[in-house]
Amino acid sequence: MGQVAIRNLDDGVLHCLKQRARRNHRSLEGELRQILTLAALPSRAELTAKAEALAQALKGRWTGDSTSLIREDRDR
């Protein structure tokens with residue numbers, strides 16, 4: 001796993017992050033890891049674009065109704 005060092009962080013920012021970590025019952029490092037992990041997730045717009053591209057790629061394909069297959073599987 002990688003490591004990151006952040007220098008010259010404003011004392012007020014650090015204080016707010018420590019308070020946030022305490023509120024969330026995490027260490028400062030754990031809180032920063034959570035913040036960075038969430039920031040790296042794709043945005044709603046990116047997910048929407050991906051879903052639209054997938055829908056376009058599958059356009060015209062017959063998908064059918066899976067209800068009978070699910071019932072058949074449950075009856076086994």
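Helices are DSSP runs of H or I with at least four residues, strands are runs of E with at least two, and both are numbered from the N terminus. Before I go on: this is a predicted model, where local features need pLDDT of at least 70 and side-chain atom pairs count only at pLDDT 80 or more, while totals for chains, interfaces and linings use all residues. Residues are numbered from 1 along each chain as its sequence is written, and side-chain values use heavy atoms, with hydrogens and water left out.

Let's start with the overall picture. Reading from the N terminus, the elements go α-α-α-α. The radius of gyration, taken over C-alpha atoms, is 23 Å for the protein chain, well over the 11 Å that the globule rule gives for 76 residues, so the chain is more spread out than a compact globule. That rule, by the way, is 2.2 Å times the number of residues to the power 0.38. If you box up the C-alpha atoms along the principal axes, you get roughly 60 × 35 × 25 Å.

Now, helix 1 and helix 2. Helix 1 covers residues 11-23 and helix 2 covers residues 28-40; their axes come within 8 Å and cross at roughly 95 degrees. The axes are lines fitted to C-alpha atoms, for helices over the stretch in contact, and angles run from 0 to 180 degrees between N-to-C directions. Helix 1 and helix 2 are therefore roughly perpendicular, a label for angles of 65 to 115 degrees; under 35 is roughly parallel, over 145 roughly antiparallel, and the rest oblique.

Who makes the contact, meaning heavy atoms within 4.5 Å? From helix 1 we have Leu14, Leu17, Lys18, Arg20 and Ala21, and from helix 2, Leu28, Glu31, Leu32 and Ile35.

In the loop between these two helices you'll find Asn24, which is partly exposed at 35% relative accessibility. Asn24 and Thr48 are 24 residues apart in sequence, and their C-alpha atoms are 30 Å apart in space.

On to salt bridges: a side-chain nitrogen of Lys or Arg within 4 Å of a carboxyl oxygen of Asp or Glu. How many are there by this rule? The count comes to five. One of them pairs Arg20 with Glu31, at 2.7 Å from N to O. That pair links distant parts of the chain, with Arg20 in helix 1 and Glu31 in helix 2, 11 residues apart. Is Glu31 buried or exposed? It counts as buried, at 1% relative accessibility, while Arg20 is partly exposed at 35%.

Glu31 has another partner too: Arg26, with the closest N and O atoms 2.8 Å apart. Arg26 is partly exposed, with a relative accessible area of 34%.

One more pair, Arg76 and Glu72, has its closest N and O atoms 4.0 Å apart. Arg76 is exposed at 74%, and Glu72 is partly exposed at 47%. Back to the shared partners: Arg20, Arg26 and Glu31 are joined by their salt bridges into one network.

Technical notes
Contact = heavy atoms within 4.5 Å. Buried < 20%, exposed > 50% of the residue type's maximum accessible area, 1.4 Å probe, protein only.
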